[in-house]
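Please examine the overall architecture of the model shown here.

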Amino acid sequence: MKTLLPLRVNGETHELAVHQHWSLLEALRYELGLTGSKQGCDKGDCGACTVLRDGEPVLACCTLAATCEGSEITTIEGVADKDGPHPIQRAFDVCGALQCGFCQPGMILSAKALLDRCPQPTDEQLREALGGNLCRCTGYTKIFEAVRLAAKGLDRQSPVRYGEPAEGFLVLGARGRKADSISKATGEAIYTDDITLPRMAHGKILRSPHAHARIRAIRTERAEALPGVYAVLVGSELPTPYCVIPWTPDETALAIDKVRYVGDAVAAVAAVDEDTAIKALALIEVDYEVLPAAVEPEDALKEGAPLIHETDWKGRPRQDNVCKEVALDFGDVDANLAASAAVVSGEWFYEGSNHAAIEPHCALATFNPDGQLTIWSATQVPHYLHRELSRVLGLPTSKIRVIQPVLGGAFGGKSEPFDLEFCSAALSRKANRPVKILYTREEVFYSHRGRHPMLMKMTLGADADGTLKAVDSDVLIDGGAYHSFGMVTTYYAGQLLTGPVDMASYRFKSKRVYTNKPCCGPKRGHGSVQPRFAFECGLDELAEKLHLDPIQIRRKNALQSGQRTVNGQLVPSTGLNACLDAVEQSSGWKERHGKLPYGRGLGVACSMYISGTAYPIYPNEMPQSAVQVKADRSGRLTILCGASDIGQGSDGMLAYILAEETGILPDDIVVVSSDTDLTPVDLGAYSSRVTFMCGTAAQEAGRKLRQKLIGGVAGAWKLPEERIGVALGFLYDKDEPGRQITSKEAIWLAEAAYGPLGEVGAYRTRKLGGDYRGGSIGASPAYSTTAHVAEVSVDPETGQVKVEKVWAAHDCGRALNPQLVEGQIEGSVYMGLAEAIMEAHTFREGGLHLGPNLLDYRIPTSVETPDILTHIIETIDPGGPYGAKEAGEGPLHPIIPAIANAIFDAVGVRLRRIPFTPARVLAAIGQAEAARLASK
Amino acid sequence: MLRMPEFRVHRARSAQEAVELWHGLGGAEGRGKDAVWSAMYLAGGTDLLPNIKHRLFTPKHLISLELPQPQIVDEGDFLRIDAGVKLQALADHPLIQATLPPLASAAGKVAGPQIRRMGTIGGNVLLDTRCLFYNQTESWRQALGYCLKKEGTWCHVVGGPKTCVAAQSSDCVPVLLALNARLRLTGPSGERELSLRELYRYNGFDHLTLTPGELLTAVRVPKPAPGFRGLYHKLRTRGSIDFPELSVAVTGAWEGDAPSSLEIVIGAINPQPKPVKGLDEWLGRPLTDEGIEAITTLVHKATRPQGSIIGDPDWRRAMAGVFTRRALLELRAASA
């Protein structure tokens, strides 16, 4: 029952009709339309819903609206005033503190409350005050910077500063704002769940309580009869299997015959509101025949193990639970190991982890009267979603429009189609009204597609001088219940290890196994973070055995630019040595490594990562990325591109490149992205491909347009085109620089000369990779390189590891916007160190998730995230746009082994299993001590 | 979004009104795991509302406690902390910081900044016990087959049908126990006082000795003796948000390096916080390193953490000793 509630929000009194069991968050978002307050965790664990109540930060999701009468509520929408955004909001914009922006309204309110009560906070007070607001993108570094800047005082009227561009550039290389950051800072950015349509119904999905069971029958009559229920959907209505990789479809929108993990989707309901939908789910009767489950890969591989999939994707009977197996070898590993002066051999285990983007997945679907489907979804791959929706719904792609609204973090977790997208669309068709489905945080953990647990047996051999002779790797991959990108994962687990440290011979076997758990998939550093951990720890042990400095052994084996890796990948540019030099110097490595007191240590590790892949997921000859640009008489440019800005800032990147080419100011450039009706195809935000590929496409379109602007001006001035120069905001006569014409007027002249101005650009994949089966998987047009040094303190009595500081050097080629590059490096370091010390996506024996929420699944807060010092290394790549390479995934890899190696430096124990929990560290210290005593 | 089941909200302006409302709205039938709540009290809501979202409670009525400005008052021999005092206000209060530093420390370590500004000391004292198998959604618990504390017959922690070991997980309680705090309660038949030591019992599904419907109105803490020193150590994975995985409160009166009284209470191990017994032996004389080691061993022996909350129980047990040693070393050194 609703009652009238007078509520003071942002200085106004509202007469609200609210349900008494509604939280303040629900009242704000769904009654008042103040969608700036976000919902991330459902129950008080993440802080995204923070609002001020009488000036104090509180969690709106755990406050009843009905108890707020008499309080003054301030939401993010009330922070700006008639003079514009609040200084804190501006500071977040200026400092690049917003990536996906989803946590920031809450973060900004916590920061505001802090500065209101304590205008000059200490570092500790700052970290503490933001400790209840989880951010998954930034590593908090730029957030601290922003709050400090706001505390120092920021002129509200001054224009947003841009730094100096790189030499010879108009825009590129300057520290610039992100295109959308002020709209995120003010709560105006519209994420999927912020959209409401007239007559919209709410969908919910019924999920399996069993890890493995046959579905004998589903009865939906009682649910259908419940007043307020519009439609109920079961698996047999959407029988076409799908997969992001089109030739391995092993998943259906809803389970049909079998469920394969606790949380597998079984049925879906659309109803007048969520409460009714939840009630309806309870009325659906599913008759299960519970089957034995194989929860761990070792169990799944046993003789007689239950078959999780009885047939493969071609319908042929399966004999086992092996999803994909790859074995490749390059050079004579056995002979090289036998000849090595030192050999290290071990078994490492990498625990699974979830992306934990603060925005839960959400989709909203509607059909128009002509049968045209529009779906807004929190996806990072609109194009693949478009294709799979067509396949499963049986609709031509021309009848489907996919729109990605502003996205609240992804990290690979939104890079394939999910049940909620198919179900919202099918329910919408059935109910004849818009249907929205928003995951609970628990459902995010079930849908998962997170980091694969991997058990890695690895042997490394080197000559006495440290030359790496051989690497032998055997990886068992726990895939979970479905394929996802599984075949790519299985290749990546071997193919991506062969740089930036070169090796004379290499052999790998990798095997991905189905288990009765949520499906694993791509998480930032897809497939390669795990073997990188084993390898870089093994390399450290080799250095120890050979009495070599750990940095030296890496330098010694560094691949050179233009060299091919042992598995045949051409690496056009690598900046490993420059990265190592930078962190060696800034961390004081030479003076401190091996010399710090017991309990304190330094560790190093490095890595290499792809900038996109030659492999486009479905074979085709069309460009991987395309850009269209139009210039209009107002002097503005509009860029259309299918690329997904998932918070990394790709919209801004497109604008900077067009500004660079045309001289039109970045603030006069509009980017329209990721809308399949409006934008040319880009394959999506994965494999670190966007800057490299879309950037190249944008560069091409920009150059064509630039030529027309020059041509227009040259024609009007009756000068040869070579004499016309392009500057920011104007064009000029190079011989007579005082003679200038604004960019806007240049557009008029060009339009007069050539007609309406529109240009296109594209990126096409060259043939890349080794000449063998699978040789193109992991082949990239360019590779980034990274080196990190981590400093840790280890409490030898408790086993607690504190990462004190991280020095991160990343070679991204040309840094198109260094502020955004730093943000990617800092965020990567944060996410990797979280996996190293804390996160564990783990299950009970029967396959039940141990804690699918953001309280039990811990991600680091501002309090324990260390200071991160970044060095951008610019080894200009011959193939990248202006020499740019990736920055979003590579810098995650080395932090985990760097921490492991630092723990060794601190307390002399080698940890081969993540996370490095205090109990494990303490046990390792105890064992080492016992061994030392025994040897005496 | 994880939604709450339907209920009605009633606002009470006095303790008496709240108690009358509670009874008038049908109160509760049964107690502990068998309780069926028609009405429940709502203070800060930071424990109760997530539990309601998890369908651990499905009351028809919530009585929002909106009593006049809760205060911290010097009553001579006692400090009275009204139950509605927010945890951050407690941590920041000059009188608490000056008189009872370990209590200010404990209150300042509860959860995160927002929850400390919502949650109250009363709620922290009466916090429901916590367990990995209990504080989960309805669908998760259904998949588990439920548990002894709620709707089930089996404790998944100890693997048995009798004992529920869900952990008392309040940060303030170990300190308040060490300080011998008292509770002021209002019930239908008037007010009474109860020693905090009599509040808890070793039964995770019915860990409070209160009569259902009794309302906690204030916590009264005896003013400590001269020479008072105390510390609160909290073991947690993160520096914010997390509940304790283990907690140690150490308080006492000291003269130089000699304690004349000593209390050690271990929390977040099982349903009942554990005051450590047998400390008298070390009173009235300088506390030596050997004495500290002996007490550490005593604490280690007395601490039997259960696997109901995260953190390896053996490790948490070892940490009880480590934290005790550190606390005693620090308190002894404070004489200098």
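This is a predicted model: local features need pLDDT of at least 70, side-chain atom pairs count only at pLDDT 80 or more; totals for chains, interfaces and linings use all residues.

Student: What radius of gyration does chain A have, and why does it agree with a compact globule?
Tutor: Chain A comprises 936 residues, and for that number a compact globule would have a radius of gyration near 30 Å.

Student: What percentage of the contacts in chain A is accounted for by residues 24 or more positions apart?
Tutor: Chain A has 24 helices and 33 strands, and 65% of its residues count as buried. Among contacts with a separation of 6 or more, the share from residues 24 or more positions apart is 79%.

Student: How many residues of domain 3 of chain A are in contact with domain 2 of chain A?
Tutor: The domain assignment places domain 2 at 87-193 and domain 3 at 195-291 + 358-409 + 414-447. Their centres, taken over C-alpha atoms, are separated by 36 Å. Contact requires C-beta atoms within 7 Å. On the domain 2 side 13 residues take part, and on the domain 3 side the number is 15.

Student: Which class contributes eight residues to the side of domain 2 of chain A that touches domain 3 of chain A?
Tutor: That side of domain 2 of chain A includes three charged and two polar residues. The class with eight residues is nonpolar.

Student: What percentage of the residues in chain B is buried?
Tutor: Chain B contains eleven helices and 14 strands. Its radius of gyration is 20 Å, close to the 20 Å given by the globule rule, so chain B is as compact as a globular protein of that length. Of its 336 residues, the buried share is 57%.

Definitions and conventions. Residues are numbered from 1 along each chain as its sequence is written. Chains are lettered from A and ligands numbered from 1 in the order in which they are written. Domain bounds come from an automatic or database domain assignment. Two residues are in contact if their C-beta atoms, placed from the backbone, lie within 7 Å. Ala, Val, Leu, Ile, Met, Phe, Trp, Tyr, Cys and Pro count as nonpolar, Asp, Glu, Lys and Arg as charged, and the others, Gly among them, as polar. Helices (H or I, at least four residues) and strands (E, at least two) are DSSP runs, numbered from the N terminus. The radius of gyration is taken over C-alpha atoms; the globule rule is 2.2 Å times the number of residues to the power 0.38. A residue is buried if 20 or more other C-beta atoms lie within 10 Å of its own, exposed if 12 or fewer, and partly exposed in between; C-beta atoms are placed from the backbone.
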